Amino acid sequence: MGVEGKRKTRRGKRGGESKRKENDNANGSNKEHHDKQQDDDVVMNEATTGEYIPPPMESKDPLFYYDTNAPQDEESQDPLDKISPASYGLVNPDLQKYLKSCEGMLDDQAFESAEDRDIFINNVYSEMKNFELQLTTDHECSRILEKLFRISSNYQIRRFFSLTKEDTTRLVVHRFSSHTIQTLLLLSAIALGSEMRDETADDFTEAAANEEDDAPQAIRTKLPTFEELILSLTNALTDQWSYMMANEYASHILRVLLLVLAGKPIEDQKNPKSAIKSKRSAKYMEDRNAAPISHRVLGETRPVPESFGRALDELLSTVGNAMSDYSARSSTNSVVGSPVLQLMLELQAPKPNFEQPGALLDKCLMGLITDGGASKPNARRNAYIEMMLEDVVGSHFLQTVARTVSSSLFQIFYQQFVAGKIRRLAFHPIANFVVQSVFSCAKNKQQLDTMVKEAGPMFGDLLFKNRPGVVRALIDSSVRLQAGYKEIIRAIYSGLDANTREERIELINLLAFLIKYPDFVSADYNTLPFKIQGSLIIQSILQLPGDGQDPILESFFGQDPARMYSWCKDPSGSRIIETILASMQIPTRTKRMVREQFSGHYADLALDRCGSHIVDAAWKTADIAFKESIVLELLQKETQLQDSQLGRIMLRNCGAEHYKRRADQWRERERGLERKKHMFKDILGDKLVLNENKAPASEPASENPQTKAPTKKNKRKTNETDEIDALFKKTNKRVVSIDLNRQNTQATAAAYTEAVHKQGAEKDKSLDAVMDAIAGTKRKSKKKNKDKSTDEPPTSKKSKKAKEEQRKQRRAFTS
């Protein structure tokens, strides 16, 4: 490009810029004039009507903007500037490097002795003295501190916890130190039990052992107890509770604190939803070799001091009264605050003021309790609740409301927000979970009948349009209330198109595969996949009382045994058979029929991942005779079972090795386990048996008039030796060894059972006599010999040797 071309280009560029500036100035003046005209119109409208009227929006205006003329709500302001997180500066690099070098020792814990470990821990605490709070705010050091706390003594935990009292609120809202406070709180909950039992060491003694302090014992300050530390933390957080609920770093501490005060399980292994740490946090700790704190005490209900109950009541009352309606409603849909609010309602539910007008629950539901189910609808409240029904977070809050409220308030909630809308809500991807919670929390039979009447006609759509959980929720409620199950079974028949008796005999197949009867008839059985939700529905039905579970049991026994055997090796099908064997509602006779149906297959099932659970379930509910038949089946394929891990476990659980060596002792052990199961039922009968056996145990001593009258002690020894030896000789003649596993490998399970019954009947009598004789002699040993004669000749050494040889012979016989 030439010089002239370049000049034209530059000149054109400068000219274009000047022209754009002129246009921008003109547009700016027009916009200012337009905005001024709008402001004048707004002022005039406010002057004439007295109400605020927002300015009109044009197409070029942004959809959202900040209107300075609108009235400001003090409650809507974000109070993020109320509490600033703790900040103590950067950690000394040398100290940080030292703690990182100690992290390997904390992970491996390869200490030669407990003394070495204590010395190491004391050295670490000495190095970081006067820098404790600064370390809690560092990313890496706070994580190392959590590891250190887990192997620290109660005194060291109390000392560190007491250092946080002066700046608690700022530490709680900090991103890193909040996790340190949570760890201290969990460890305090564990140690609180020993403190209540007065098992804690003296403060001054332990301080002298753990600290290198030149200060005399007289001026040392006694540390606060765990109870005082937790109460101090509660008082510090109560005033800022509403703000803490909305803070993402402090809300988890509030939940832990509430559970500690209430003595509720903090880490419930059976309920993963109750976990305090999120999946992301748990994954982070796992990647860095810092497993979460898991202790038996945290997974169960714990005794707490009386002061905790008073502090919890005062906390809930103070926070509930101080929280405004706006804050309560905004917390219900908050990802951070809603879990804390739900826990507060669960803890407040048993209190008498839980459902009073103006209470926390009433504020969250926009005055539903205050109105008392008035016939006049509240449009704002209806829109608010309907929005929560379809909200990811709000739906969880409504599920908690359904679990905790009383029958009267539950009825109001159901009539106003669920009744008549079940079809729409049940098929909503979020609201259907609220419907399930409402159905499973029915408070009485009348409410359950109303729900079944409305939802029953749509069972077919619910089962085959990916909403079987709604049906299962109704069945679970029927199991709990013991009512309404007949109507539910009829609705299931109708939804599966099974109308005749011949069609209903396939009920267990239709539910297991979630398929209608016409489609089931035309389908290939071997290609039908099990459905998890269908298996869960069957398991729930099996918990119903007698006539409620009969349709499933009739269908089960109406199937081909080979098909049911194939179910034992499927994850979903095996659960159904396990439930049949384990259900308390199913009679023993029915369970025996189910066990016998799989006789001859227990060895094969023991080698399968799912079938081994069937063997376990059958073993737990079987009598001694059937247990022996199972052991015989396992021993026939002992070689294959020993080569499999599952097989070895089954052989160990059944005591197969013990049975091979000492079958009589194996039966006696199993009989003892059965007695323990029925201990509370038959304890009086056992006492009567012992009393009846008391007299015959002393008869043989008086049969020989030529012997000297022995003392009571010698009489007990003589009777024990004579009776037991005689009975063991009798038993030796009657015992018939069972060698079916070697001589008759082709025998059926029925033959095993018959042989065991015949032989066991003879052995049980003799073994019962042995046990009765032992019991009778033991009762005699409880009486003390106060009148023992002084001129009794001492027992000769020869007689002692003879008795020792007799004992060795009996031991050799039993082995």
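At 24% relative accessibility, does Asp 664 count as buried, exposed or partly exposed, and which of these words applies?

1. Asp 664 counts as partly exposed, at 24% relative accessibility; buried means under 20% relative accessible area, exposed over 50%, and partly exposed in between (1.4 Å probe, protein chains only). The model is predicted: local features need pLDDT of at least 70, side-chain atom pairs count only at pLDDT 80 or more, and totals for chains, interfaces and linings use all residues. Residues are numbered from 1 along each chain as its sequence is written, and side-chain values use heavy atoms, with hydrogens and water left out.

2. Asp 664 meets Arg 667 in a salt bridge, 2.9 Å from N to O; the term denotes a side-chain nitrogen of Lys or Arg within 4 Å of a carboxyl oxygen of Asp or Glu. Both residues belong to helix H42 (residues 663–677), three residues apart, about one turn of the helix; helices (H or I, at least four residues) are DSSP runs, numbered from the N terminus. Arg 667 is buried, at 3% relative accessibility.

3. A salt bridge of 2.5 Å, N to O, joins the side chains of Arg 381 and Asp 371. Because Arg 381 lies in helix H19 (residues 379–389) and Asp 371 in helix H18 (residues 368–371), the pair ties together parts 10 residues apart in sequence. Arg 381 is buried at 3%, whereas Asp 371 is partly exposed at 35%.

4. Glu 346 and Arg 403 form a salt bridge whose closest N and O atoms are 3.0 Å apart. This pair links distant parts of the chain, helix H16 (residues 337–348) and helix H20 (residues 394–404), the two residues being 57 residues apart.

5. The count comes to 23 salt bridges.
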